[in-house]
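Student: I have a model open and would like to know what the terms used for it rest on. Can we go through them one at a time?

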Amino acid sequence: MSEKSREFWKWPEYRHTKPDVNWREAKIITAGVDIGSVGSKAAIMLDGELYAYSVMRTGGVSEETAIKVTSWALEGTGLKTENLHHVVGTGYGRVNVPFANRTITEIACHARGAHYIYGPTVRTVLDIGGQDCKAIRCDEVGKVASFLMNDKCAAGTGRGLEVFADLIGVPIEELGKVSLNLTEEPPPVSNTCVIFAKAESLALLRQGWPKEKVAAAYHLAMVDRIIDLLTRVGIEKDFVITGGVAKNIGIVSRIERNLGIKPLEARLDPILAGAIGAALFAKALYEKQIGLR
Amino acid sequence: MQAHYGYKNGSGDYFIIVDTDKCNGCGKCVEACPYGVLELVENEFDVEGGLMTVVTEEHRKKIKYSCAPCKPVSGERKLPCVLACETKAITHSW
């Protein structure tokens with residue numbers, strides 16, 4: 001029997017609490033729970049400042065994941081779900097957050113979250129998630145002006161990258177770096193469908209292409225598709241990328257090169273944009289509820 | 001907000017664009033559409049709430065086919081949903 005093989009697509013789950021902050025001093029405690037198609041994120045905010053967060057894979061039951069991801073974010077802080085003044089659910093599984101006071105679409109949340117993470121100069125937000133890719137144009141307060149969602153198929157998304165990482169046997173966190181380990185870019189593979197792209201990549205591997213080269217071809221196909229989408233809503237500076245795929249340097253650097261626009265550097269984990277946006281909406285909603293505005 | 005529903009593929013752009021700031025949620029376009037492509041939902045973009053028109057989840061991935069019967073064949077022809085909209089909130093990419 002061979003050893004149990006490693007699962008290369010499995011990205012690590014993690015949580016973080018901002019040290020030296022006492023939540024008892026905060027007036028408004030809100031949470032944003034972003035149940036994505038692949039990853040689930042929870043952000044806890046004190047008076048509109050990020051305090052704790054957690055990121056984990058979405059399981060089969062969205063309700064359970066929503067409870068798990070939130071309690072993990074609260075773990076060790078002494079906070080309980082009852083202490084949260086307002087909770088907003090967002091993402092693909094937003095209707096499945098049992099303790100949410102309200103749901104808001106991930107499009108509005110990503111724009112708001114990107115505004116918090118990158119500052120008020122953001123105009124174009126590209127969210128590359130697990131199962132879809134969204135191009136969002138927003139104004140100086142983080143309100144959505146125009147959006148476009150590619151929900152037709154998984155080509156050009158994080159799930160496609162997971163499939164590909166498994167195929168070539170490179171851990172997903174290192175995939176982007178590996179794809180850049182080349183002197184010359186190969187032609188891209190087909191970008192209309194993940195299954196076709198995977199089949200084509202497999203054929204290239206069998207032809208004897210090194211995996212770096214195949215990875216580059218796959219990344220290029222994804223980037224072509226993403227840029228197609230972006231040109232439809234129009235690109236205006238400053239441009240940022242959010243969602244899990246924003247952590248893939250192979251995608252980000254190729255978008256930058258093909259568009260000629262450098263995305264802003266994130267001061268926080270860009271995967272959290274949706275959850276942060278939801279928590280900020282929760283704060284605004286709670287203030288309205290108690291009559292602060 | 002300009003909400004684009006649809007997709008782009010090798011054969012062209014297929015988008016229905018709804019201006020959510022103009023849409024008043026009257027639902028006339030929903031009645032006018034002969035193929036049930038549009039529906040009214042709670043506006044989740046705005047903290048204020050209210051109703052707005054969207055393209056149904058089912059039709060978003062196939063509007064090339066769903067909307068084909070209403071497409072102009074020869075010369076100018078207004079689409080039923082566009083004609084029904086009093087606030088001129090609906091436009092198309094074709």
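Tutor: Start with pairing: two strands pair if DSSP finds at least two bridges between them. Strands (E, at least two residues) and helices (H or I, at least four) are DSSP runs, numbered from the N terminus. An open sheet here has seven strands in the order β10(A)-β7(A)-β8(A)-β9(A)-β1(B)-β2(B)-β5(B), with mixed pairing. The model is predicted: local features need pLDDT of at least 70 and side-chain atom pairs pLDDT 80 or more, while totals for chains, interfaces and linings use all residues. Residues are numbered from 1 along each chain as its sequence is written, and chains are lettered from A and ligands numbered from 1 in the order in which they are written.

Student: What makes β10 of chain A and β5 of chain B edge strands?

Tutor: Each of them, β10 (239-242) of chain A and β5 (90-92) of chain B, pairs on one side only. From one strand to the next, the twist averages 15°.

Student: How do you know that strand β9 of chain A pairs with β1(B)?

Tutor: Three bridges join β9(A), residues 144-150, to β1(B), and the definition asks for at least two. The two strands run parallel. One bridge partner in β1(B) is Q2(B), which faces S146(A) in this pairing.

Student: And what makes β1(B) and β2(B) a pair?

Tutor: Eight bridges join β1(B) to β2(B), residues 12-19, and these strands run antiparallel. Y5(B) has I16(B) as its bridge partner in β2(B). Strands of a sheet pair through backbone hydrogen bonds, either parallel or antiparallel.

Student: How many residues does each chain bring to the contact between them?

Tutor: Chain A gives 20 residues and chain B gives 12; two residues are in contact if their C-beta atoms, placed from the backbone, lie within 7 Å. On the side of chain B, the largest share, five residues, comes from β1(B), residues 2-9. That side has five nonpolar, three polar and four charged residues. Ala, Val, Leu, Ile, Met, Phe, Trp, Tyr, Cys and Pro count as nonpolar, Asp, Glu, Lys and Arg as charged, and the others, Gly among them, as polar.

Student: Why are α5(A) and α6(A) called roughly antiparallel?

Tutor: The axes of α5(A), residues 194-206, and α6(A), residues 211-233, come within 10 Å and cross at roughly 155°. That angle makes α5(A) roughly antiparallel to α6(A), because angles over 145 degrees count as such, under 35 as roughly parallel, 65 to 115 as roughly perpendicular and the rest as oblique. Axes are lines fitted to C-alpha atoms, for helices over the stretch in contact, and angles run from 0 to 180 degrees between N-to-C directions. A197(A), S201(A), L204(A) and L205(A) of α5(A) make the contact with residues of α6(A), including K211(A) and V214(A).

Student: Why do α3(A) and α6(A) get that label too?

Tutor: Their axes come within 11 Å and cross at roughly 170°, with α3(A) covering residues 158-168. The two helices are therefore roughly antiparallel to each other. G160(A), F164(A) and I168(A) of α3(A) meet residues of α6(A), among them Y218(A) and M222(A).

Student: Where does α6(A) lie relative to the strands?

Tutor: α6(A) lies across β7, β8 and β9 of chain A together with β1 of chain B, at about 30° to β8(A).
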